[in-house]
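Welcome to this tour; please load the model in your viewer and keep the selection tool at hand. We will begin with one residue and widen the view later.

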Amino acid sequence: MARRATGGSGGSGAKASGTGVKAARRPEVRLPALEPYGGGELEPDGDYDGLEFREVDFAGQDGGGARFMDCALTGCALDETRLHHARVLDSVLTGIRGVGTDLAESTLRDVELVDARLGGVQLHGSVLERVLIRGGKIDYLNLRKARLKDVVFEGCVLVEPDFGGAHLERVRFTDCVLKTADLTGATLTDVDLRGAAELDIARGVDRLAGAVISTTQLLDLAPVLAAEMGLRVDDATGED
């Protein structure tokens with residue numbers, strides 16, 4: 001089984017410097033010696049343990065309910081791959097790509113997702129715990145009603161991510177770009193947005209309670225906040 005380290009600044013209950021927000025615990029996955037994947041299509045409810053998947057094309061395959069533990073997936077194609085209810089545990093996914101990947105109601109625990117290129121990935125209703133998403137670009141990420149705990153987004157681009165109705169606890173954004181994010185109905189606890197390189201919230205700005213942002217971000221969000229409050233801003237003095 002992969003070992004993980006949770007000490008240091010990411011340890012349980014750690015406080016982010018200068019604020020009362022709790023820092024996210026980052027996964028540090030150390031994989032054992034892996035066996036090469038023998039080929040063949042994914043199987044629904046399949047059990048994959050200690051395997052290395054390298055440059056495998058899983059497009060259109062059905063691995064619903066499958067379990068991946070202590071695995072490395074590198075350069076794999078996941079276009080329209082069905083992984084509904086899958087469990088990905090103690091694993092590293094590097095350079096995966098795909099459009100329409102279905103990971104709805106799945107569990108990702110102690111996972112590193114590095115340099116992914118994904119579009120329209122479905123993670124609604126999923127549980128993400130101790131997950132690092134570093135680099136890459138994800139378009140139209142659907143995390144509606146998902147539960148995120150100890151999740152770090154680092155150096156990635158998220159275009160129109162949907163966090164509608166999701167629960168975010170100890171989630172951190174570092175050097176990330178968030179474009180047209182939807183927070184409608186979301187619940188945020190100890191969410192650190194200060195490190196986001198770009199923060200664009202299209203809907204749900206009223207759900208930012210429980211998050212921490214920088215002064216610059218507050219100024220950038222001022223028009224959206226004013227619109228949410230029904231506040232009209234007009235520099236005219238009213239004089240003739």
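Select Leu73 first: this residue is buried, with a relative accessible area of 8%. Buried here means under 20% relative accessible area, exposed means over 50%, and partly exposed lies in between (1.4 Å probe, protein chains only). Before you go on, note that this is a predicted model, in which local features need pLDDT of at least 70, side-chain atom pairs count only at pLDDT 80 or more, and totals for chains, interfaces and linings use all residues. Residues are numbered from 1 along each chain as its sequence is written, and side-chain values use heavy atoms, with hydrogens and water left out.

**Around Leu73**

Leu73 sits in strand 5, residues 72-74. Strands (E, at least two residues) and helices (H or I, at least four) are DSSP runs, numbered from the N terminus. Now show the surroundings: leaving aside residues up to four places away in sequence, Leu73 touches Phe53, Val92, Leu93, Thr94 and Ile96, where a contact means heavy atoms within 4.5 Å. Then draw a distance from Leu73 to Val127: C-alpha to C-alpha they are 20 Å apart in space, and 54 residues apart in sequence.

**Strand 8**

Move to Asp110, in strand 8 (residues 107-119). Is this aspartate buried or exposed? Asp110 is buried, with a relative accessible area of 1%. Display its side chain together with that of Arg130, and you will find a polar contact of 2.7 Å joining the two. Such a contact is a pair of N or O atoms within 3.5 Å; within protein, one must be able to donate a hydrogen and the other to accept it, and residues adjacent in sequence count only if both atoms are side-chain atoms.

Stay in strand 8 and pick Asp115. Its phi is near 55°, a positive value in a residue other than glycine. Asp115 is partly exposed, at 43% relative accessible area.

**A loop stop**

Next, select Asp175, in the loop between strand 12 (167-174) and strand 13 (177-182). Asp175 is not a glycine, yet has a positive phi of about 55°. With a relative accessible area of 55%, Asp175 is exposed.

**The whole chain**

Finally, zoom out and colour by secondary structure: the chain has 1 helix and 16 strands. Along its principal axes, the C-alpha trace spans about 80 × 40 × 25 Å. Buried residues make up 50% of the 240 residues. Among contacts between residues at least 6 apart in sequence, 14% join residues at least 24 apart.
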